[in-house]
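Hi everyone, thanks for coming.

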Amino acid sequence: MAATAELFEEPFVADEYIERLAWRIPGGGSKGGAEAFDPKRLLEEFVNHIQELQVMDERIQRKVEKLEQHCQKEAKEFAKKVQELQKSNQVAFQHFQELDEHISYVATKVCHLGDQLEGVNTPRQRAVEAQKLMKYFNEFLDGELKSDVFTNSEKIKEAADIIQKLHLIAQELPFDRFSEVKSKIASKYHDLELQLIQEFTNAQRRGEISRMREVAAVLLHFKGYSHCVDVYIKQCQEGAYLRNDIFEDTAILCQRVNKQVGDIFSSPETVLAKLIQNIFEVKLQSNVKDQLEEHRKSDAEQYLKNLYELYTRTTNLSSKLMEFNLGTDKQTFLSKLIKSIFISYLENYIEVEIGYLKSRSAMILQRYYDSKNHQKRSIGTGGIQDLKERIRQRTNLPLGPSIDTHGETFLSQEVVVNLLQETKQAFERCHRLSDHSDLPKNAFRIFSMLVEFLCIEHIDYALETGLAGIPSPDSKSANLYFLDVVHQANTIFHLFDKQFNDHLMPLISSSPKLSECLQKKKDIIEQMEMKLDVGIDRTLNCMIGQMKHILAAEQKKTDFKPEDENSVLIQYTNACVKVCGYVRKQVEKIRKSMDGKNVDTVLMELGVRFHRLIYEHLQQYSYSCMGGMLAICDVAEYRKCAKEFKIPLVLQLFDTLHALCNLLVVAPDNLKQVCSGEQLANLDKNILHSFVQLRADYRSARLARHFS
């Protein structure tokens, strides 16, 4: 294989190159097997190829040297050419500097010449203008205006410029010598001013913006320029208020004027601001006064609704107007306009709000009690009442007759929703209408009204009435409606708390009133919870009392000590059936009346008292063998009932009681073994002994020896 430069092009891999070289040599590769391999031939070819590579290397080296020499020669020639160009550039730069200096010199001469010409021309122009003014002044002095500028109505612009200058000159002249001419000039000045204003008015009616701009530019130097602006503002409003919505009409009007006022007046922001001020002080103020004064003294509800709506719509309009250019401090400008309209109404807003809220809340409550044909009774307070309350709580003695509420809780969700709705609207009005510094204080006053009428006058009254309606524990017919009061009170508390968080908190969150409101809320809820706890405790006592009545009426001594042991066919006693039925109803009622952990807490308390009642009840009887079996069946049924409490402690208590009842039937010889069983081992021996003493064979079987 002949060696060429192409064989070494990138990518070049030496191993592959050797492999290709060996493969092409006969006897040099694996072709033909090991017998065909000829190492001498391969060595000879390698030596020859190395010589070829050396020759090729020398040839390439010579070529590289030749190219390097050529490159060095061209580099020298290029460097020489660059030097020549640099010299040429320096010469050109020197010429440019000379030209620039010459241009500056000529410009200086031209400016100097211009100043000299202006110095000569300006006094000349002034002299010419003064001559013209003197000529026009002489016409006024002679009393006859002959110049075309005064007689031609089409040259009113030039006449206005002249008369304005003459008017300024006339003011400097002494009155005693020039009173007549001053009067004539002033008269012409006012005539032209009126003509220009009339021309502006006509142009506005025709919708000629360019003519309005020309006339306004002329009037700018006249005293009557403000009258021109007033005319524009007045005519803008003509036909703009055809609908009943003054706020929407105002927004549309200002949007339209904002687009054209810049094409007419030199200071459009001043004109637009004056238009808005006029609208606020005339149109809006009149509209607000008409709607508010009508109801201010006769209908507080409508007055507050109108005030809130008008103020809200006015502030919304102000937000839209903020998009326009009204000068430097448009926020302050618009705020002052709003304040000027509403200040007399906002000063005493909170007093009207509180007065209305108080009367409205009282009416809602009274209407509810009237619908129930109920006359609210005064809740006793003071030392004697507190003493009675403590005695009732600790002893459950019937101090005074209980009130029969006929199942009425005197709590109404409709009343609560109405009160909360009124308060919600009051909070919204308070947020909008109160000054920022007075907002927390006003919100607290509204909250205090809510606490007074919802929490105290309604919920607390219902709790007090409910407490008074709870019968004494020994009452034979106990209608326990207090749990209904608990259920409704819980629902109302959730609604009350939601409004506190949703509507009051945002108004007071960053003020010292926050802690005051939280404390007030905490106090009122703690007061309610305390009364609920007392009522629930009394209700549980009544439930236990009812169970006692059932047991006393239905349980017979012969149930557990029958005259004929073989005649007992019942699985459990009638008293047990009725008590379990009553307990299941009460458990279901408690679950419906409460939520969360309160359910478990109350059920655990009821379960513990239920267990104590059954335990003490069983202690009253003597048990034969068959009677003991029946007692075990009763307790098993009680335990099944206790499972529905879903309280581990209650179930454990009845499991233990069931184990104790086994002592009533166990054989005397096995008594000691049963007492040391898993469920009874941890009980006091006196408890075990007391149960064994209930056995009819206690003395005959000499069972006391097991506890000595």
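**Salt bridges, pair by pair**

Let's start with Lys305, which is partly exposed, with a relative accessible area of 37%. Keep in mind as we go that this is a predicted model.

Which residue does Lys305 pair with in a salt bridge? The partner is Glu301, and the closest N and O atoms are 3.3 Å apart. Glu301 is partly exposed too, at 28% relative accessible area. Now find helix 10, residues 300-321: both Glu301 and Lys305 sit in it, four residues apart, which is about one turn of the helix.

Next, please move along to Asp655 and Arg639. Their side chains also meet in a salt bridge, 3.3 Å from N to O. Where do these two partners lie? Asp655 belongs to helix 21 (residues 648-661) and Arg639 to helix 20 (residues 625-643), so this pair ties together parts that are 16 residues apart in sequence. Asp655 has a relative accessible area of 22%, which makes it partly exposed, and Arg639 counts as partly exposed at 25%.

My last stop is a group of residues. One of the links is Arg206 with Glu208, where the closest N and O atoms are 2.9 Å apart. Arg206 is partly exposed at 46% relative accessibility, and Glu208 is partly exposed at 32%.

And how many salt bridges turn up in a search of the whole structure? The search finds 28, so there are others to look for on your own.

How values were computed:
Residues are numbered from 1 along each chain as its sequence is written. This is a predicted model: local features need pLDDT of at least 70, side-chain atom pairs count only at pLDDT 80 or more; totals for chains, interfaces and linings use all residues. Side-chain values use heavy atoms; hydrogens and water are left out. A salt bridge is a side-chain nitrogen of Lys or Arg within 4 Å of a carboxyl oxygen of Asp or Glu. Buried means under 20% relative accessible area, exposed over 50%, partly exposed in between (1.4 Å probe, protein chains only). Helices (H or I, at least four residues) and strands (E, at least two) are DSSP runs, numbered from the N terminus.
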